[in-house]
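Thanks for coming. I have one structure to walk through today, and I will keep it short.

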Amino acid sequence: MADDGNVTVGGAPAVRELTGLTLTKVAVGPMDNNAYLLTCRDTGEQVLIDAANDASTLLGLLEEAPLARVVTTHRHGDHWQALAAVVERTGAVTAAHVDDVAGIEVPTAQPLREGDRVEVGTCALEVIHLVGHTPGSITLLYDEPGGRPHIFTGDSLFPGGVGNTRGSKKDFTSLINDVEHKLFDRLPDETWVYPGHGADTTLGAERPHLGEWRARGW
């Protein structure tokens, strides 16, 4: 995978080999959504983060291997347009935060909460609840053994700022506080950030700008 993890709709996926997991990133749909396929290197079990769009592209990543679970990072429709088709083809379990399941048209089999673990074979992702972009937005943390932390942030954190809170001061304050306290205060600068749209970043690259984001209010 390129250093910035940049992918384009219709382009080749980007692949990164981590300790325990193979990470495949692809861009799909008219809103250039990122979808992430995580494959356990011990067992071959696979988990998809955000079946955003273009089911054929997402299913093509599986290479006939079974898909155990699809995790939806939040309820906005651009992040689950392909969910029904992917689940129908694979029988994968659906998972999302309990506070967002009502806004996802495909039923959620595994409601998630803060601190829950999402298993990927012998590996696991920790659920971090970040309130503001939506009530049930989540980040998924993979603490790579012997390596760096990796976080899949949906639309809660991007290069250059937090997610859109549609002009709500209350929602912005909630989101910036959660992002600062649950991500920046807890995790080191080398933490790799995989957002729901666009290129990757690190917490170290974004940390100096937290004050600017607070001051501008978005």
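This is a predicted model: local features need pLDDT of at least 70, side-chain atom pairs count only at pLDDT 80 or more; totals for chains, interfaces and linings use all residues.

Residues are numbered from 1 along each chain as its sequence is written, and side-chain values use heavy atoms, with hydrogens and water left out.

Strands, then. Helices (H or I, at least four residues) and strands (E, at least two) are DSSP runs, numbered from the N terminus. Two strands pair if DSSP finds at least two bridges between them. Strands of a sheet pair through backbone hydrogen bonds, either parallel or antiparallel.

Please look at strand β4, residues 46-49. L48 has V70 in β5 as its bridge partner.

Is β4 covered on one face or on both faces? Both: Q46 and L48 on one side, and V47 and I49 on the other, are all buried. Buried here means under 20% relative accessible area, with exposed over 50% and partly exposed in between, using a 1.4 Å probe and protein chains only.

Next, an open sheet of six strands, in the order β8-β9-β10-β11-β14-β15, with mixed pairing. Its edge strands are β8 (117-120) and β15 (201-202), each pairing on one side only. Within it, β9 (residues 123-129) and β10 (residues 138-143) pair in the antiparallel sense over four bridges. E126 stands opposite L141 in β10.

Now the rings. Rings of Phe, Tyr and Trp (its six-membered ring) pair if their centres lie within 6.5 Å; planes under 30 degrees apart count as stacked, over 60 as edge-to-face and the rest as tilted. The whole structure holds four aromatic pairs. One of them is Y36 with F152, edge-to-face, at 5.3 Å centre to centre and 70° between the planes. Y36 lies in strand β3 (residues 33-40) and F152 in strand β11 (residues 149-154), so this pair ties together parts 116 residues apart in sequence. Both Y36 and F152 are buried.

F184 and W213 also make an edge-to-face pair, 6.4 Å centre to centre with 70° between the planes. F184 is in helix α3 (residues 169-184) and W213 in helix α5 (residues 210-216), so parts 29 residues apart in sequence are tied together. F184 is buried at a relative accessible area of 2%, and W213 is buried at 1%. Ring pairs also link Y36, F152 and Y194 into a cluster.

Charges over rings come next. A charge sits over a ring if NZ of Lys or CZ of Arg is within 6 Å of the ring centre and within 35 degrees of the ring normal. R16 has its charged end over the ring of W192, 4.6 Å from the centre. For R216 over the ring of W218, the distance is 3.7 Å.

That is what I have; questions are welcome.
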